[in-house]
Amino acid sequence: MSAPNVLIFGGLNTCSRALVGLLVPLDGASMVSHVRIVDKFSVEPPTTYIGAEFPKLLKKPQVEYRQANLTVAATIAQMFDPPEGLSPYDYVFDFTGEIQFDRPEPVQIERTCHVAWMIGLEAAKRKVKAYCRLQLPFYDTSTKGSHDEKVDIKPYGVCGTWWHETLRMLAAIEDLNLVILRSGFFYGPYTNWGIVASVITVASVYGYMKEPMKSMWSPGKNPTNTVHVDDVAGAMWACARWMAPLGRKEANSLAGENIIFRNDKSKASDVKGMPAADKKLIAPLFNLVDDSNSTLLSVGQTVTACFGTTFEFFNFVENTVLQLKSDAVEDINEHHVSGWTEMITTSNPPIPNTPLSAYMDKYALEKHVVAFSNMKLLEVTGYKLKNPTFCQETVKQVVDKWKEEGTWPILEG
């Protein structure tokens, strides 16, 4: 039996590079006959950060990159046509979606909902064996316990609302062999997007300045469950392999969940492809987090310990003052952004260009509570986590990769 052909949409600035690295490793046998990655960015020269290893992967004969505008249905259809002489694509991996949290509703609808919906329609038409959608952690769960896939959790903001609506739109496509993977906060080598990457960068600044890193949010429980990008890649592949022999109906019976409506009912008549609010929609859904049960406190303590400092909390008076100030975000950032600038300019050698930033935007500074149970994924698909714990060793591996490629400051002493 020949190895499958794989089509990957989006995610060049999040997790799709890790999936390519799994399927076509730099050292070792390829798991696929051919993989095509499609995204809006250029890779030569790169118009987004792609890390040191991905350009090497692009030179592999099994790997093809296409730059394309995925808001156009005809363009998406073209991407499904395999290179001459190759069989149709077996698996489609969907990492698409607008990840900038402050984008307005029309942008989220066009770039998140409609892109995924159009890819899903084409995938169903082409009868692909598995369509795996990555759902980012734009949710706000309760602080108590971990939540399985049946719990009704609240999407976070405009971004979360439309990312969640995307799942309903995909679930409504009949005969689409859909599997949804809902992740925690991911981190890993060459991953500069997300809260964990921000925390690692900022913690290094406070270590450099020999000061504690402080949070506005009380130590409480504040779960912020984490997952390594290599496990995002591994679990997406495991979901595709699980789905392929089953088909949607059987997969629904084994792992289907009700994708609960979490939007404004009046939008259904305005947004193309959006199902009615009262329509019951079932799709296979799995949570993906590691086994760390990470919290704001545990992540903060782990990361700051890597840089020889501590993780603390503003006292009540400091916190009240900060929350009353409209420019609190700028106040908080001023100190560590200048420290990071000093670090990259005094580095030996200096780092004139780095994709890493110590600036924490409003989303990164807000309180986020994501507590998921990964039990169903591990039991149903048989997937085994490669990085089950978020620890100093995994953080160090991430920083070491940045140092090797010359995007992280190397300081004396």
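This is a predicted model: local features need pLDDT of at least 70, side-chain atom pairs count only at pLDDT 80 or more; totals for chains, interfaces and linings use all residues.
A cavity is a set of grid points where a 1.4 Å probe fits but cannot get out.

**Stop 1: the enclosed spaces**

How many cavities of 30 Å³ or more does a search of the whole structure find? The search finds 2. The largest cavity has a volume of about 110 Å³. To locate this cavity, select Val151, His164, Arg182, Asn258 and Ile260, which lie nearest its centre among the 13 residues that line it.

**Stop 2: the sheet**

An open sheet is formed by 8 strands, in the order S3-S2-S1-S4-S5-S8-S13-S12, and the pairing is mixed. Strand S3 (63–67) and strand S12 (256–258) stand at the edges; each has a single partner strand, so one side of each is left without a neighbour in the sheet. From one strand to the next, the twist averages 30 degrees.

**Stop 3: along the sheet, strand by strand**

Select strand S1 (5–9) and strand S4 (91–94). These two strands, S1 and S4, pair in the parallel sense over 4 bridges, and Leu7 stands opposite Val92 in S4.

Remain on S4 and show its side chains. Which residues point one way from S4, and which the other way? Tyr91 and Phe93 point one way, whereas Val92 and Asp94 point the other way, and all are buried.

S4 and S5 are parallel partners, joined over 4 bridges, with Tyr91 standing opposite Ala130 in S5.

Continue to strand S8 (178–183). S5 and S8 run parallel and are joined by 5 bridges; the bridge partner of Tyr131 in S8 is Leu178. Are the residues of S8 buried or exposed? The strand is mostly covered, with 6 of its 6 residues buried. Both faces of S8 are covered: on one side are Leu178, Ile180 and Arg182, and on the other Val179, Leu181 and Ser183. Arg182 was also selected at the first stop, as one of the residues nearest the centre of the largest cavity.

The next selection is strand S13 (residues 282–288). S8 and S13 pair in the parallel sense over 4 bridges, and Ser183 stands opposite Leu288 in S13. Between S12 and S13, however, the pairing is antiparallel, over 3 bridges. Within S13, Pro284 is the residue opposite Gly256.

**Stop 4: helices on the sheet**

Select helix H5 (residues 157–171), which packs on the sheet and touches S4, S5, S8 and S13. The direction of H5 makes about 165 degrees with that of S5.

Within H5, pick out Thr166. Why does Thr166 count as buried? Its relative accessibility is 0%, and buried means under 20%. Leaving aside residues up to four places away in sequence, Thr166 touches Thr112, Cys113, Ala116 and Arg133.

**Stop 5**

In soluble globular proteins, nonpolar side chains tend to be buried together. Here, the largest nonpolar core contains 134 residues; select Phe93, Tyr131 and Ile200, which touch the most other members. Helix H7 (residues 229–243) gives the most to this core, with 11 residues.

Centre the view on Ile200. Not counting residues up to four places away in sequence, Ile200 touches Val303, Phe307, Val395, Val398, Val399, Trp402 and Trp408.

**Stop 6: the largest pocket**

The largest pocket holds about 930 Å³ of space. Of the 40 residues that line this pocket, select the closest to its centre: Asn13, Glu98, Ile99, Gln100 and Trp193. Which helices each supply at least two residues of the lining? They are H4, helix H6 (195–209) and helix H12 (362–365). H6 provides the largest share, with 4 residues.

**Stop 7: a loop residue**

Finally, select Pro352, in the loop between helix H11 (328–346) and H12. Pro352 counts as exposed because its relative accessibility is 72%. To finish, draw a distance from the C-alpha atom of Pro352 to that of Val337: these residues are 15 residues apart along the chain, and the two atoms are separated by 15 Å.

Note on methods:
Residues are numbered from 1 along each chain as its sequence is written. Side-chain values use heavy atoms; hydrogens and water are left out. Two strands pair if DSSP finds at least two bridges between them. Axes are lines fitted to C-alpha atoms, for helices over the stretch in contact, and angles run from 0 to 180 degrees between N-to-C directions. Contact means heavy atoms within 4.5 Å. A nonpolar core is a set of buried Ala, Val, Leu, Ile, Met, Phe, Trp, Tyr and Cys residues joined through side-chain atoms within 4.5 Å. Buried means under 20% relative accessible area, exposed over 50%, partly exposed in between (1.4 Å probe, protein chains only). On a 1 Å grid over the protein atoms alone, a cavity is a set of points where a 1.4 Å probe fits but cannot get out, and a pocket is an open set with protein on both sides within 12 Å along at least five of seven lines; lining residues have an atom within 4 Å of a point. Grid points are joined across faces, edges and corners, and a volume is the space filled by probe spheres set on the points.
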